[in-house]
Each structure stands twice: as structure tokens, then as C-alpha cells.
Amino acid sequence: MILLASPGQGAQTPGFLQPWLEKPGVADRFAWWSAVTGLDLVRYGTSADAEEIRDTAVAQPLLVAAALAASEALYDGAPGGRTGPDAVAGHSVGELAAAAIAGVLTPEAALVLVRERGRAMAEAAGVTETGMTAVLGGEADEVLAAIDKHGLTPANVNGAGQIVAAGTTERLAKFADEPPPKARLRSLSVAGAFHTEHMEPAVGALRRLAPGVPVADPRAKLLQNRDGAVVESGRDFVARLVEQVSAPVRWDACMETMRELGVTGIIELPPAGTLTGLARRELKGIELVALKTPADLDKARELIEADAS
């Protein structure tokens with residue numbers, strides 16, 4: 001069983017989109033998706049600097065568009081007439097791309113939702129100065145206790161010895177001065193404390209929008225961040241997407257579900273590397289492909305072909 005994984009905010013790097021635009025049809029897709037989002041996605045993905053693409057309202061649509069374009073390119077030449085993966089999961093904003101790949105949302109609906117999600121989260125992040133810090137290593141219980149002690153939220157529980165603390169910058173600074181034993185801290189390139197109570201205003205904005213979004217039930221196994229569950233109702237998945245904005249991401253639970261489903265291979269969509277890195281440490285024996293550039297497409301298709309044979 002092959003699973004496509006779509007990364008979340010913070011994975012973006014300047015210029016990561018450039019090689020994908022050389023694939024036939026991709027530039028045309030981005031011209032259309034730029035019109036849908038009201039953003040010059042081509043410029044943001046090629047010549048914009050790190051600070052520009054750190055902006056939540058920019059980063060989120062850019063990440064979803066990149067994942068969708070790479071997925072289309074992958075299955076356009078996939079062996080055996082395959083048109084999509086067996087299973088799909090996204091980390092945080094990557095869930096919007098996952099929903100479109102699974103057929104729950106059209107690409108346009110996903111991009112409209114992520115446009116509004118990014119704007120609403122950026123506005124919520126502007127109310128209070130907040131951020132996120134990755135905690136690498138340490139004992140999970142000690143890490144969680146330290147996060148709680150400083151009034152922070154474990155916004156991402158990623159497995160493989162990685163938990164992300166989120167909250168006000170003042171509390172994060174005090175947390176950095178008193179880190180958990182045997183743990184390393186790394187500040188993340190995000191503009192706010194996502195997946196915490198600081199995002200409640202964004203949840204409200206999306207609740208008003210979500211009922212009118214056209215949805216279908218997924219045509220692949222679709223995992224959800226709240227608890228790693230496989231969600232069979234498209235409407236339920238969209239409702240979960242809305243609430244997830246202020247709720248912790250349980251990627252550890254998603255990986256446990258991948259293990260239970262018998263996933264044999266994971267292909268991470270661009271900008272790839274983060275999720276395959278977690279899987280390499282947590283899911284031993286599973287074949288992994290980080291689809292960073294079109295040069296990685298052949299390797300990904302070989303994995304799909306081997307799974308089908």
C-alpha cells in the first residue's frame with residue numbers, strides 16, 4: 001500500500017517550486033491557481049525570499065498548490081494506469097492537499113479554503129506575538145511536563161522524538177532558558193502558535209465558510225490529524241479540518257495508523273523531506289521517497305509499480 005504525504009507549514013524554502021515549473025502544464029496550472037488564490041504563486045515559489053514565504057497567508061496556499069501539482073505530475077505517468085494513491089495524509093495545512101488528492105475537494109475548492117485559512121490564521125496570529133519551537137529528543141513525559149510548566153501547548157506531536165511547543169514568544173523564551181533534559185530546541189519558521197487556542201478566531205471564520213463547500217467522499221484511505229483516524233465521510237473530514245486549526249496535530253497517531261494499515265511505501269510531496277525524515281525513524285522497513293524535484297519522479301513511480309506487482 002502506497003501513501004502520499006503532504007507536508008505542513010515550515011517546510012517551504014526559497015525557490016523550491018522552480019524545477020516543477022519546467023514540467024509541461026505545471027506553469028499553466030499555477031497561473032490558474034494564482035487567479036484562484038489571488039496570489040502570484042509562481043513568484044512566491046521561485047524568487048521570493050524566506051521572509052516573504054514565511055507569511056502564513058502566502059505559505060499555506062503555496063504549499064497546497066505545490067503538493068497538488070506534484071501529485072498530478074506523479075500519476076500522469078504512473079504505471080499500470082494508476083490514477084491515485086491507496087492512502088493519503090497531510091500534516092496540518094497539508095491536509096487540504098490530502099483532501100483534494102483523495103477527491104474530497106476539487107483543487108479549486110481546496111485552494112479557496114486554504115486561502116481563507118491562511119488569511120484567518122495570519123489575522124489570529126497578529127493579535128498576540130506567538131510562535132512555535134520544535135523539541136528534539138528527550139523523554140516524552142519530561143518534554144510534555146516542561147511544555148505544560150511554561151504554559152505552552154504541545155501543538156504537534158510528531159513521533160520519532162519530536163514534539164512542537166507553541167504559545168507566546170515570552171513563554172517560549174522562558175522555555176528556551178529551561179529546556180527539558182536531553183532535548184534540543186529549534187525555533188520554527190512560522191508566524192504564530194498554530195493548533196492552539198490562539199487560533200480560535202480562525203476556526204470561527206472557517207466554520208462560517210465550510211458548510212457551503214462542495215465535497216465528496218474520499219476515494220482513498222484518508223487519515224486525519226486529530227487522532228490518526230481513517231475518515232470515510234468527506235463532510236466529516238472538512239468539519240475536522242476546520243476544528244484542527246486550533247487543535248494539536250497528532251502525526252504520531254497518523255504514523256501508527258499507517259503501520260496498522262500495512263503501508264509499505266510513503267511518497268512525500270514537495271517541499272519534501274520533513275515527513276519522510278520522521279517516518280525513517282519511526283516506521284522501520286517502509287520504502288520512502290522524498291519527492292523534492294521532478295528528478296525524483298521515476299523513483300516514486302518505481303515504488304508505485306513495485307507495490308502493484
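## Helix H1 and its buried side

Six names make up the buried list of H1: Val26, Phe30, Trp33, Ser34, Val36 and Thr37. Around the axis they cover an arc of only 155°, which puts them on the same side of H1; the arc is taken from the directions from the helix axis to the C-beta atoms. Here buried means under 20% relative accessible area, exposed means over 50%, and partly exposed is in between (1.4 Å probe, protein chains only). Turn to the face of H1 pointing away from that buried side and you find the exposed residues Asp28 and Ala35.

What do the buried residues of H1 pack against? Their partners are helix H2 (41-46), helix H3 (56-76) and helix H5 (107-125), with contact meaning heavy atoms within 4.5 Å. Helices (H or I, at least four residues) and strands (E, at least two) are DSSP runs, numbered from the N terminus.

## What the model is

This is a predicted model, where local features need pLDDT of at least 70 and side-chain atom pairs count only at pLDDT 80 or more, while totals for chains, interfaces and linings use all residues. Residues are numbered from 1 along each chain as its sequence is written, and side-chain values use heavy atoms, leaving out hydrogens and water.

## Length and end of H1

H1 runs over residues 26-37, and at 1.5 Å a residue its 12 residues should span 16 Å; the end C-alpha atoms are 16 Å apart, so the two agree. That expected span is 1.5 Å times one less than the number of residues. Just after H1 comes glycine 38, with a positive phi of about 75°.

## Salt bridges

The whole structure has 13 salt bridges, each a side-chain nitrogen of Lys or Arg within 4 Å of a carboxyl oxygen of Asp or Glu. One of them joins aspartate 298 to arginine 301, with the closest N and O atoms 3.8 Å apart. Both sit in helix H12 (residues 297-308), 3 residues apart, or about one turn of the helix. Arginine 301 is buried, at 16% relative accessible area. Shared partners also link Arg115, Glu116 and Arg119 into one salt-bridge network. Within it, arginine 115 and glutamate 116 bring their closest N and O atoms to 2.7 Å. Arginine 115 counts as buried at 18%, whereas glutamate 116 is partly exposed at 24%.

Then there's arginine 240 with aspartate 227, the closest N and O atoms being 3.3 Å apart. Arginine 240 lies in helix H9 (residues 234-244) and aspartate 227 in the loop between strand E7 (221-222) and H9, so the pair ties together parts 13 residues apart in sequence. Arginine 240 is buried at 12%, while aspartate 227 is partly exposed at 38%.
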